[in-house]
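Please look over the chain shown below before reading on. The report takes up a local feature first and then turns to the chain as a whole.

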Amino acid sequence: LFAFLSEHLELDAKDFSSCYNDQGTLPAVLQDYEEGLGLGLIGTPTLFINGEQMGAGAIATTDILNYVEEILAQ
């Protein structure tokens, strides 16, 4: 798997494998993950506008603009 990923992404296979196996950042990643779950986040990126969650994941620019225009029209 490491060879495939590193080759596909044009990464140095040895460095990629070493970094992955080290897992020194795992506690920070898990903390962020748990915080996201606690906030009810279901995906990344999650977009908030005026403190309201607009959506998560890939959001089309036109959808964002329409949402902002709706807010401004109120």
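## The hairpin

Which residue takes a positive phi in the hairpin of E1 and E2? In this predicted model, the residue is Asn 50, whose phi is near 55 degrees, and the hairpin has two residues between its strands.

Strand E1 covers residues 46–49 and strand E2 covers residues 52–56, and the two pair in the antiparallel sense over four bridges. Within this pairing, Phe 48 stands opposite Gln 53, a residue of E2.

## Order of elements and overall form

The chain holds four helices and two strands, and, read from the N terminus on, its elements follow the order α-α-α-β-β-α. The radius of gyration of the chain is 18 Å, whereas the globule rule gives 11 Å for 74 residues, and the chain is therefore more spread out than a compact globule. The C-alpha trace spans about 55 × 30 × 15 Å along its principal axes.

Among contacts between residues at least 6 apart in sequence, 0% join residues that are at least 24 apart.

## Surface and burial

Of the 74 residues of the chain, 8% count as buried, and the accessible surface of the chain comes to about 6,300 Å², with 58% of that area belonging to carbon and sulfur atoms.

A nonpolar surface patch of about 240 Å² is formed by Leu 26, Val 29 and Leu 30. Leu 30 has its place in helix H3, which runs over residues 26–38, and this residue is described as partly exposed because its relative accessible area is 43%, a value that lies between the 20% limit for buried and the 50% limit for exposed residues.

Technical notes
Residues numbered from 1 in each chain as written. Predicted model: local features only at pLDDT ≥ 70, side-chain atom pairs only at ≥ 80, totals over all residues. Heavy atoms only, no water. Pairing = 2+ DSSP bridges. Patch = residues over 30% accessible without salt bridge, like charges linked within 9 Å, V, L, I, M, F, W, Y side chains within 5 Å. Areas by Shrake-Rupley, 256 points an atom, 1.4 Å probe, with all protein chains shown as cover. Salt bridge = Lys/Arg side-chain N within 4 Å of Asp/Glu carboxyl O. Buried < 20%, exposed > 50% of the residue type's maximum accessible area, 1.4 Å probe, protein only. Rg over C-alpha atoms; globule rule 2.2 N^0.38 Å. Contact = heavy atoms within 4.5 Å.
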